[in-house]
Amino acid sequence: MPRDLDLRHVISPAVRDLIELANLGDFDRTRDQVSRMRGCTRPINLVGHTHTRDAATGETIRSYSTSDEPTGRLLTTCGNRRTSRCATCSRVYASDTYHLIRAGLSGGKNVPETVRSHPRVFATLTAPSFGPVHNRPTTKDGKPQACRCGEHHADDAPALGTPLHPASYDYTGAVLWNAHAGTLWARFTLNLRRALAAHFGITQKDMKQVLRVSFAKVAEYQKRGLVHFHAVIRIDGPDGHTSSPPSWATVDDLTQAVRAAVPRTALTVASDTVGDHEIRWGQMLDVQEITALGDGELTDAAVAGYIAKYATKSAEDSGTVDRSLVCRTCSGRGTVGDRIRDLCPDCEGTRQAEPLRDLPVHQHVRQMIRTAWDLGGLPEFADLKLCKWAHMLGFRGHFSTKSRAYSTTLGALRDVRRAWRLAQAEVARVRAGLPTPTPDTVLVTEASWTYLASGYRPGEELLANQTRHDIAHAERIKSEGEPWL
């Protein structure tokens, strides 16, 4: 009698795991969990439970436990803002950033529409030069010219942003500038308020009684590996976006104050090892008025979209890597153990998760990473934690920030989504005939959650890939129209 053919060795592990998931029972629930992630690249796996009951009667209103799930765990999105890490979650972050910026320009999200009449500008502050680099210069009419090396570089030329003379390029100054860029911005905002008060001929204390300066900014990496900032800067009344600024405060006043504050902003990094370095802004400064909706190129929607686009990018857009280079086993110490310290078995004492010489990056980027790593080993720069931020070329600040009174917050936007999901859940409970709380009901929630792992099972990864394909196909049809069959 012939034996059954064993095909386990020719079926991929992902397909075998998908079959196992189907045999667990309630495969629709497993597929629903994955599709609800909308293609999240590396979801968080949680185990635990939550129980909500009526405080007066003790009646259970809502109850959930991962022990009831077919896989015994709950998947939730990773929430990473980086496009290189998770395109799905980065789109959500970009959308939230867009609405946050847009609300501060044209109102909405509990911000009055009168904010549109406040003086506001779009400013771009750049880094100084640390040596000549390859670029694509143009004439005033936009015609391309040859680089100083004599060549006409293409848009995607690898040489763009790299030094013309690497041996004389100030890599130490470039890394220290990135490391202090956030501090330099903070000093700029202080000098901006001082410059504005001096422009109006009043003290800063008196100016606080009639107006305040609000802003929202995002950092972007240039091809040379240095950050520069795009910012919306606005004059409000003393209470922020809810109050109108004085009629005598204009866009021209704000523009002049920005141009006056930039050259006055500087700080000195003292070092006996590498010498003192002065940190200040570059000479290229662009300040433009943000016009009302549809009245020019820099409209509310255009500026909000511009800032949201860069909010999801990071240092890897300048050619570096998107992961920390510090060895996780020894946390960058190079040794393991408490009393008796041995060399770390993973990094062999180098403190690096992977050799810097083997990184798949351009030589210019590798030199910036190596410079940041070397500076991080100096005691005088210990507070900068440059080894931790070497993959970011020294930059250690937030990519998007705003002043308190600019508009709404990312947390408020997430709370709205959470409230909407809870409302949908309550609607489903009503339709199912389950008990629902009244507005006067006092609810008590008991919950316990534990992190289990990150990522999908092989079979779930197949379902996630299908979800990504379906979403991309739907978006393509929406943008191009239904294709002819």
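Is Trp185 buried or exposed? Trp185 is buried, at a relative accessible area of 4%. The views below come from a predicted model.

**View 1. Trp185 pairs with Phe215 edge-to-face.** The two ring centres lie 5.4 Å apart, with 70° between the planes. Trp185 belongs to helix 4 (residues 171–200), and Phe215 to strand 5 (residues 212–221). The pair therefore ties together parts that are 30 residues apart in sequence. Phe215 also counts as buried, at 11% relative accessibility.

**View 2. Phe395 and Phe399 form an edge-to-face pair.** Centre to centre, the distance is 5.4 Å. The planes stand at 85° to each other. Phe395 is buried, with 1% relative accessibility. Phe399 is buried at 6%, because buried means under 20% relative accessible area.

**View 3. Ring pairs build a cluster.** Its members are Trp177, Trp185, Phe188, Phe215, Phe229 and Trp281. Across the model, the count of aromatic pairs is 13.

View 4. Helix 2 covers residues 27–36, and helix 10 covers residues 458–480. Their axes come within 9 Å and cross at roughly 55°. The crossing is right-handed.

**View 5. Side by side, these residues form the contact of helix 2 with helix 10.** Helix 2 supplies Phe27, Thr30, Arg31, Val34 and Ser35. Helix 10 supplies Glu460, Leu463, Ala464 and Thr467. Four of the contact residues are nonpolar, three are polar and two are charged.

Note on methods
Residues are numbered from 1 along each chain as its sequence is written. This is a predicted model: local features need pLDDT of at least 70, side-chain atom pairs count only at pLDDT 80 or more; totals for chains, interfaces and linings use all residues. Side-chain values use heavy atoms; hydrogens and water are left out. Axes are lines fitted to C-alpha atoms, for helices over the stretch in contact, and angles run from 0 to 180 degrees between N-to-C directions. Helices (H or I, at least four residues) and strands (E, at least two) are DSSP runs, numbered from the N terminus. A crossing is left-handed if the near helix is turned anticlockwise from the far one by less than a right angle, and right-handed if clockwise. Contact means heavy atoms within 4.5 Å. Ala, Val, Leu, Ile, Met, Phe, Trp, Tyr, Cys and Pro count as nonpolar, Asp, Glu, Lys and Arg as charged, and the others, Gly among them, as polar. Rings of Phe, Tyr and Trp (its six-membered ring) pair if their centres lie within 6.5 Å; planes under 30 degrees apart count as stacked, over 60 as edge-to-face and the rest as tilted. Buried means under 20% relative accessible area, exposed over 50%, partly exposed in between (1.4 Å probe, protein chains only).
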